[in-house]
Amino acid sequence: MYMKIAIVCYPTFGGSGVVATELGIALAEKGHEIHFITYKQPVRLQLLHSNVHYHEVMVPSYPLFHYQPYELALSSKLVNMAKLHEIELVHVHYAIPHAYAGYMAKQMLAEEGIFIPMVTTLHGTDITLVGNHPFYKPAVTFSINNSDAVTSVSQSLKDDTLRLFDIKKEIHVVPNFIDTKKLDNSFSDCERDLIACADEKIITHISNIRKVKRVDDVIEIFDRIQQKMPAKLVIVGDGPEKKSLEILCKNKGITSKVLFVGNSHEVDKILCFSDMFILPSEHESFGLVALEAMACGVPVISSNAGGLPEVNIQGESGFLSDVGNVDEMSENAIKILQDPEILLKFKKKAKLIAKRFETKMIVPLYEDIYKNALNGLSVKKNNL
Ligand code: GMT
């Protein structure tokens with residue numbers, strides 16, 4: 001049974017937008033009709049796909065508005081698109097403000113006799129950092145409880161949600177996923193020499209360079225690695241901490257060994273020639289970038305925050321340490337990098353573990369959730 005599904009997400013480089021886009025593409029490839037509804041074309045939606053539509057949410061500015069009413073524009077767009085394309089289900093990624101806008105759209109449509117269920121996927125900071133703030137908490141709790149189905153990207157995020165909010169709905173854990181086959185076919189040649197000399201190890205970090213990612217720990221760990229062996233650090237992404245990190249590198253005298261490459265559409269290419277990935281985050285509900293690294297055969301040195309232990313397996317795909325324990329993270333990184341045999345063992349194992357999160361295994365879990373939400377709604381309608 002093919003479904004017409006609206007996907008609401010952030011169109012940016014962040015993990016939630018990436019997961020939403022990859023999910024939409026995978027569903028479209030299976031024959032479902034997918035309608036992305038967001039304020040900009042999602043970054044991973046570069047190619048034309050059959051069954052994929054994109055509808056931009058416009059927010060006209062008006063001098064009276066100190067804040068532009070995005071939720072209003074989004075819910076109106078959802079109503080209009082649901083009617084025009086006979087959308088059967090809305091899947092919102094990231095609770096704020098998408099679940100709130102989705103709920104309003106659902107209510108407006110119900111007034112006209114159109115009933116569509118809403119599935120909400122919780123991604124992390126919408127629960128652990130932002131949603132939890134008293135300014136947002138009542139609205140976030142309300143929109144989660146009024147979703148027809150709720151999913152979270154890890155068991156850890158489910159536990160956090162139940163601990164931090166008064167949730168009356170069942171939360172289904174559906175982990176993030178990766179298409180390892182597509183990755184395997186994307187490059188035949190990892191162009192290491194673009195970045196480093198033959199004897200240099202390449203260490204990589206990818207994030208939105210915010211405080212929560214603890215990128216200063218990445219620099220500290222890298223500094224210790226490069227004192228033991230020739231190495232380069234590649235930092236992918238952009239964010240508010242970048243300036244202070246550049247100063248930190250200068251103070252440590254390692255500026256020439258650290259490359260800040262900004263946001264990139266070539267993450268796979270960069271991971272292809274990386275020897276190690278570092279993710280020492282304070283919070284991380286899942287760590288999609290760690291999974292992407294592992295799928296490219298890159299061992300991961302990470303913190304043990306949030307859902308990271310569900311992805312990076314201790315002593316197999318890499319090592320995990322308490323947040324801020326840069327001594328242990330550096331020792332473990334050096335232990336892996338120093339010995340080519342150990343490095344090869346970790347690379348192989350990382351790739352193998354990534355296969356547990358294969359797209360074709362995870363996407364059917366979402367399809368089942370959609371079917372149940374649609375069935376649940378028709379039961380409700382029949383009982384009206
Ligand atoms: O990591 C970020 O700050 C971006 C954020 C997002 O919403 O895009 O990522 C969250 O969702 C990703 C996809 O589910 C997860 O892999 C990240 O772990 C999660 N980030 C945090 O929990 C900090």
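Colleague: How many helices and strands does the secondary structure of the protein come to?

Modeller: Keep in mind that we're looking at a predicted model. Its secondary structure comes to 15 helices and 13 strands. The radius of gyration is 22 Å, close to the 21 Å that the globule rule gives for 384 residues, so the protein is as compact as a globular protein of that length. If you'd like a box to go with that, the C-alpha atoms fill roughly 70 × 45 × 40 Å along the principal axes.

Colleague: And what percentage of the 384 residues do buried residues make up?

Modeller: Buried residues make up 53% of the 384. Here a residue counts as buried when its relative accessible area is under 20%.

Colleague: Okay, salt bridges. How many does the structure hold?

Modeller: The general idea first: side chains of opposite charge can pair when their charged atoms come close. This structure holds 23 salt bridges. Take the one between K30 and E367, where the closest N and O atoms are 2.6 Å apart. K30 sits in the loop between helix 1 (15–29) and strand 2 (33–38), while E367 belongs to helix 15 (residues 359–382), so this pair ties together parts that are 337 residues apart in sequence.

Colleague: Which residue does R224 meet in a salt bridge?

Modeller: That would be E220, at 3.1 Å from N to O. Both residues lie in helix 8 (residues 215–228), and their spacing of 4 residues is about one turn of the helix. R224 is partly exposed at 26% relative accessible area, and E220 also counts as partly exposed, at 21%.

Colleague: Where do K252 and D223 lie?

Modeller: Their side chains meet in a salt bridge too, at 3.3 Å from N to O. K252 is in helix 9 (residues 242–252) and D223 in helix 8, so the pair ties together parts 29 residues apart in sequence. K252 counts as partly exposed with 25% relative accessibility, whereas D223 is buried with 8%. Salt bridges with shared partners join E220, D223, R224, K252 and D327 into one network.

Colleague: Let's move to the ligand. Which of the 18 residues around the ligand come nearest?

Modeller: S16, H123, R210, K213 and E284 do. To read such a shell, sort it by class: this one has 4 nonpolar, 11 polar and 3 charged residues.

Colleague: What lies 2.9 Å from an oxygen atom of the ligand?

Modeller: A backbone N or O atom of G287 does. A polar backbone atom of L288 is also 2.9 Å from a ligand oxygen atom. For a side-chain example, look at N176: an N or O atom there is 2.9 Å from an oxygen atom of the ligand.

Note on methods: Residues are numbered from 1 along each chain as its sequence is written. This is a predicted model: local features need pLDDT of at least 70, side-chain atom pairs count only at pLDDT 80 or more; totals for chains, interfaces and linings use all residues. Side-chain values use heavy atoms; hydrogens and water are left out. A salt bridge is a side-chain nitrogen of Lys or Arg within 4 Å of a carboxyl oxygen of Asp or Glu. Helices (H or I, at least four residues) and strands (E, at least two) are DSSP runs, numbered from the N terminus. Buried means under 20% relative accessible area, exposed over 50%, partly exposed in between (1.4 Å probe, protein chains only). A residue is near a molecule or strand if one of its heavy atoms lies within 4 Å of it. A polar contact is a pair of N or O atoms within 3.5 Å; within protein, one must be able to donate a hydrogen and the other to accept it, and residues adjacent in sequence count only if both atoms are side-chain atoms. Ala, Val, Leu, Ile, Met, Phe, Trp, Tyr, Cys and Pro count as nonpolar, Asp, Glu, Lys and Arg as charged, and the others, Gly among them, as polar. The radius of gyration is taken over C-alpha atoms; the globule rule is 2.2 Å times the number of residues to the power 0.38.
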